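Here is my note on the model, point by point. Please keep the structure open as you read.

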Amino acid sequence: MKTLDLLPIGDLAGSPGSPGLASWGGGARLLQNLRRALADSLRVPARILEARLDPRLAFHAERGQYHSSELLRAMQPYAANAAWRVLGVTAVDLYIPILTFVFGEAQMGGPCAIVSFHRLTQEFYGLPPDPDLLTGRLVKEAVHEVGHTFDLTHCDDYSCAMAPSHAVEWIDLKESTFCPSCQARALEAVG
Ligand SMILES: [Zn+2]
Ligand SMILES: [Zn+2]
């Protein structure tokens with residue numbers, strides 16, 4: 001059976017950027033909400049893996065960030081067992097060498113994708129915590145990265161989940177669903 005496996009990477013509850021998360025139920029609740037929302041929007045069973053990946057292997061001391069491509073590589077063994085897709089979820093700040101940060105990264109055509117909520121919290125921007133807004137942003141970015149594993153590229157429709165986002169304001173403009181054209185391509189890729 002096709003399942004989307006969510007792999008926690010590092011300590012989700014202890015995100016330094018989101019102290020408000022702990023009082024709200026922490027990373028565990030965030031992950032449960034994400035699991036439910038992804039199962040609904042992608043219409044596949046989704047489960048949270050018991051395993052946890054240690055992100056330290058991808059830590060870059062000078063940048064104080066984690067190289068997302070190295071984490072994707074480290075996720076491959078989990079994909080070998082999984083029937084379909086593996087989505088890594090982390091609180092650590094991700095980067096690729098050519099960019100100051102990334103919200104996430106995916107392997108085009110699958111099977112692995114990763115998403116970080118480090119820069120999705122209101123606290124990161126000096127604002128009061130908003131767990132519902134955080135959940136919504138995380139779902140949108142997760143659908144976006146999983147979309148890349150279906151071979152979907154970026155979309156010009158600003159409300160489509162496949163629209164590119166280089167700031168949270170862009171994420172807040174879009175939906176957690178694909179536009180009709182991306183949806184059709186996703187269905188084709190998923191089969
Ligand atoms: Zn993208
Ligand atoms: Zn689209």
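1. Start with two terms. On a 1 Å grid over the protein atoms alone, a pocket is an open set of points with protein on both sides within 12 Å along at least five of seven lines, and its lining residues have an atom within 4 Å of a point. Points are joined across faces, edges and corners, and the volume is the space filled by probe spheres set on them.

2. Some ground rules. This is a predicted model, where local features need pLDDT of at least 70 and side-chain atom pairs need pLDDT 80 or more, while totals for chains, interfaces and linings use all residues. Residues are numbered from 1 along each chain as written, chains are lettered from A and ligands numbered from 1 in written order, and side-chain values use heavy atoms, without hydrogens or water.

3. The largest pocket holds about 320 Å³ of space. Its lining has 18 residues, and Leu99, Val102, Gly104, Ser165 and His166 are the closest to its centre. Helix H4 contributes the most, four residues. Helices (H or I, at least four residues) and strands (E, at least two) are DSSP runs, numbered from the N terminus. The lining splits into seven nonpolar, seven polar and four charged residues. Here Ala, Val, Leu, Ile, Met, Phe, Trp, Tyr, Cys and Pro count as nonpolar, Asp, Glu, Lys and Arg as charged, and the others, Gly among them, as polar.

4. Which residues hold the zinc ion (ligand 2)? The SG atoms of Cys155, Cys160, Cys179 and Cys182 coordinate it, at 2.3 to 2.4 Å. Donors are N, O and S atoms within 2.8 Å of the metal (3.2 Å for Na, K and Ca). Their spacing along the chain is C-x4-C-x18-C-x2-C. Cys160 lies in the loop between H4 (131-149) and H5 (168-173), and Cys179 in the loop between H5 and H6 (180-190).

5. Now check the backbone. Gly110 and Pro111 are joined by a cis peptide bond, with omega about 5°. Pro111 sits in the loop between E7 and E8 (112-116).

6. Arg43 is not a glycine, yet its phi is positive, about 55°. Arg43 is exposed, at 69% relative accessible area. Asp151 also has a positive phi, near 80°. Asp151 is partly exposed, at 43%.

Conventions
1 Å grid on protein atoms, 1.4 Å probe; cavity = no way out; pocket = protein on both sides within 12 Å on 5 of 7 lines; lining within 4 Å. Buried < 20%, exposed > 50% of the residue type's maximum accessible area, 1.4 Å probe, protein only.
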